[in-house]
Amino acid sequence: MNFNGIIVAVVTFFLIGIFHPIVIKGEYYFSKKIWPIFLIVGIITLFISLFIENATISSLIAVFSISCFWSIGELFEQEKRVKKGWFPKNPNRKYN
């Protein structure tokens, strides 16, 4: 039996679950200005995934990379959600 697809699916599910609070906390403490970190990490891990021969591990690293890229957009969306009052504002930060 080949479990590679199931492994990739389960890890993808967990990565999405892990990145959700990372985006929320990242926006809360640092604002959307941390988006370049997600971009750099995403580019590096996508590049690394190209050189890994094991298809499962390469896929997992690529999924991590794409999760970083997706988080950039979510940071900007999170800022909007905070402005709407759906999430708490950081009292130690000035908002426009």
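Trainee: Is Glu74 buried, exposed or something in between?
Mentor: Glu74 is partly exposed, with a relative accessible area of 24%. Keep in mind that this is a predicted model.

Trainee: Which residue does Glu74 form a salt bridge with?
Mentor: With Arg81. Their closest N and O atoms are 2.9 Å apart.

Trainee: How many salt bridges are there by this rule?
Mentor: The count comes to four. Another one joins the side chains of Lys80 and Glu77, at 3.5 Å from N to O.

Trainee: How are Lys80 and Glu77 placed in helix H3?
Mentor: They are three residues apart there, which means about one helical turn separates them. As a general point, an α-helix has 3.6 residues a turn, so residues three or four places apart point the same way.

Trainee: And how accessible are Lys80 and Glu77?
Mentor: Lys80 is partly exposed at 45% relative accessibility. Glu77 is partly exposed too, with a relative accessible area of 35%.

Trainee: What does Lys32 pair with?
Mentor: Lys32 forms a salt bridge with Glu79, and the closest N and O atoms are 3.1 Å apart. Lys32 sits in the loop between H1 and H2 while Glu79 is in helix H3, so this pair ties together parts that are 47 residues apart in sequence. Lys32 itself is partly exposed, at 27% relative accessible area.

Trainee: New topic: H2. Which of its residues are buried?
Mentor: Phe38, Gly42, Thr45 and Ser49. Looking down the axis of H2, the buried residues fall within an arc of 80°, so they line one face of the helix.

Trainee: What do the buried residues of H2 pack against?
Mentor: They pack against helix H1 (4-30) and helix H3 (55-83).

Trainee: Which exposed residues are on the face of H2 turned away from the buried side?
Mentor: Ile37 and Phe47 are the exposed residues carried there.

Trainee: What span should H2 have, going by its residues?
Mentor: Its 15 residues, 35-49, should span 21 Å at 1.5 Å a residue. The end C-alpha atoms of H2 are 21 Å apart, which agrees.

Trainee: And H1, what should that span?
Mentor: H1 has 27 residues, and these should span 39 Å. Its end C-alpha atoms are 37 Å apart, which agrees.

Trainee: Which residues of H1 are buried?
Mentor: Val8, Leu15, Phe19, Val23, Ile24, Gly26 and Glu27. The buried residues of H1 pack against H2 and H3.

Trainee: Last one: which residues form the nonpolar patch on the surface?
Mentor: Met1, Phe3, Ile6, Ile7, Val10, Phe13, Phe14, Ile18 and Ile22. Together they have about 990 Å² of accessible area.

Trainee: Where is Met1 in all that?
Mentor: Met1 lies in the segment before H1, and at 94% relative accessibility Met1 counts as exposed.

Conventions:
Residues numbered from 1 in each chain as written. Predicted model: local features only at pLDDT ≥ 70, side-chain atom pairs only at ≥ 80, totals over all residues. Heavy atoms only, no water. Helix = DSSP H or I, 4+ residues; strand = E, 2+ residues; numbered from the N terminus. Expected span 1.5 Å × (residues − 1). Buried < 20%, exposed > 50% of the residue type's maximum accessible area, 1.4 Å probe, protein only. Arc of directions from axis to C-beta. Contact = heavy atoms within 4.5 Å. Patch = residues over 30% accessible without salt bridge, like charges linked within 9 Å, V, L, I, M, F, W, Y side chains within 5 Å. Areas by Shrake-Rupley, 256 points an atom, 1.4 Å probe, with all protein chains shown as cover.
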